[in-house]
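Visitor: I'm new to this structure, and I'd like a close look at one part of it. Could you walk me through the surroundings of the ligand?

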Amino acid sequence: MDLKSKAVSLFRSSFGAEPAVVTRAPGRIEFIGNHTDYNAGTVLGAAIDRGITIAARLRTDGAFAFVSDNGAPTTTVRGRPLTPQQGGAAWVNYPLGVVVALEGRGMPAVAGLEMAVVSDLPPGAGLSSSAAFELSTALALCALQEFTLSREEVVKAGREAENKFVGVPCGILDQGVSGFGKKDSLVHIDCRGPVFSLVPMPAGVRFWIFNTHKKHALVDSLYATRHKECMDAARLLKPSKPGAQWLADFSPAEFAAAAAALPAAAAKRAKHVIEEIARVDAMGQALKSGNLAEAGRLLFASHESSRTLFENSTPELDFLVATLRGVPGVYGSRLTGGGFGGAVMAMTDASFDATAAARVADAYAAKFTDRPDVLACATADGAAVV
Ligand code: ADP
Ligand code: MG
């Protein structure tokens with residue numbers, strides 16, 4: 001059964017009625033641009049052919065009822081103002097946060113809601129199921145409330161829900177790619193605007209995800225430390241360039257000339273961010289000219305920079321990237337997402353198939369005892385009513 005039929009059937013069996021709208025929103029791969037977003041840099045991401053589909057209908061009794069096919073407890077929330085839920089019910093904070101964010105943008109107050117959620121996107125795999133959830137909710141609410149909003153504002157409302165209501169300080173990448181994705185394209189985001197644009201992807205490229213299921217126990221504080229190191233570095237570099245405010249304001253050459261002002265750790269983080277932004281630009285050029293070998297080289301270079309300068313890789317991710325480097329058909333590979341565990345992505349041609357991917361997973365299992373999940377992905381369109 002396709003996801004739309006599944007969502008409609010879950011809605012019928014849960015609420016005994018027909019949904020008024022069905023929407024879907026894709027997950028995403030962070031293609032290149034690691035920790036560049038909060039430094040006002042650029043990033044390239046791909047919307048993928050896995051996502052979240054929602055069937056929904058308004059109600060008028062003030063109740064917000066949510067059911068998911070992923071084992072999350074069926075949850076009904078009553079009463080205003082809407083406040084974040086705790087414990088097992090916390091999963092409904094994504095759609096509730098979107099209700100609040102859209103009402104804050106002038107959408108008529110929602111008098112109640114029924115929603116069935118189905119997904120073929122593994123949560124917590126670095127593919128941003130949270131943004132897919134937010135974007136599919138936002139489009140459903142806009143349709144149900146006959147409320148027109150630009151795609152930019154829909155994307156910002158999704159991020160606001162995650163930042164303010166769920167309480168995760170994510171950048172604009174996840175929602176931007178889920179909202180603006182296009183089949184056979186990458187989404188380019190200049191996080192300063194943010195400004196969204198599309199970069200065509202040469203034909204015949206495939207994406208693979210190897211998810212290690214391992215996250216550093218201190219991942220939140222490691223993120224916070226990196227964030228602070230970047231802000232400190234920008235502050236210390238500022239005097240060397242009038243008008244500069246962010247790491248993104250420095251070219252690699254300008255950074256090299258001023259780097260002596262920085263403590264060692266801040267200098268490494270800043271070098272990673274500034275050179276990574278230059279790699280995003282170079283990637284745009286490589287893709288434009290169809291130079292997939294160069295695109296792959298940039299992916300490996302990004303990983304190497306994460307490993308040695310930003311220090312947000314792990315032995316597991318390094319092993320996967322090093323293993324993939326020697327495999328025919330692999331253009332390039334790097335950790336994807338925030339790092340400190342999580343997943344690796346690979347860009348390949350069609351000769352790299354499920355058997356080749358399983359061999360990589362075997363090699364990993366021989367070294368680390370457990371097996372990474374392997375997902376083949378293709379690019380796909382962004383969030384839409386279906
Ligand atoms: P990621 O975005 O990388 O997948 P997050 O931790 O940001 O990981 O978001 C995952 C959370 O989103 C889950 O813990 C859950 O609360 C919610 N979620 C994702 N998919 C679903 C789903 N199909 N049904 C219910 N909740 C979901
Ligand atoms: Mg997320």
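Guide: Let's start with the word "class": Ala, Val, Leu, Ile, Met, Phe, Trp, Tyr, Cys and Pro count as nonpolar, Asp, Glu, Lys and Arg as charged, and the others, Gly among them, as polar. Sorted that way, the shell around ligand 1 holds 6 nonpolar, 8 polar and 1 charged residues. Keep in mind that this is a predicted model.

So who sits around the ligand? There are 15 residues around ligand 1, and the ones that come nearest are Ser68, Gly124, Ser128, Ser129 and Ser130. Let's zoom in on some atoms. Ser68 has a polar side-chain atom 2.7 Å from a nitrogen atom of ligand 1. For Asn70, an N or O atom in the side chain is 3.3 Å from a nitrogen atom of ligand 1. As for cover, ligand 1 on its own has 570 Å² of accessible area, and the protein covers 77% of that.

Now zoom out to the elements. Two or more residues of the shell come from each of β5 (113–119) and α3 (129–144). The largest share belongs to α3, with 3 residues.

Follow α3 and you'll meet another helix, α4 (residues 151–166): the two pack at an angle of about 125 degrees, and their axes are 9 Å apart. Because of that angle, α3 counts as oblique to α4. The crossing of α3 past α4 is right-handed.

Terms used. Residues are numbered from 1 along each chain as its sequence is written. Chains are lettered from A and ligands numbered from 1 in the order in which they are written. This is a predicted model: local features need pLDDT of at least 70, side-chain atom pairs count only at pLDDT 80 or more; totals for chains, interfaces and linings use all residues. Side-chain values use heavy atoms; hydrogens and water are left out. A residue is near a molecule or strand if one of its heavy atoms lies within 4 Å of it. A polar contact is a pair of N or O atoms within 3.5 Å; within protein, one must be able to donate a hydrogen and the other to accept it, and residues adjacent in sequence count only if both atoms are side-chain atoms. Accessible areas come from the Shrake-Rupley method with a 1.4 Å probe; for residues, only the protein chains shown count as cover. Helices (H or I, at least four residues) and strands (E, at least two) are DSSP runs, numbered from the N terminus. Axes are lines fitted to C-alpha atoms, for helices over the stretch in contact, and angles run from 0 to 180 degrees between N-to-C directions. Angles under 35 degrees count as roughly parallel, over 145 as roughly antiparallel, 65 to 115 as roughly perpendicular and the rest as oblique. A crossing is left-handed if the near helix is turned anticlockwise from the far one by less than a right angle, and right-handed if clockwise.
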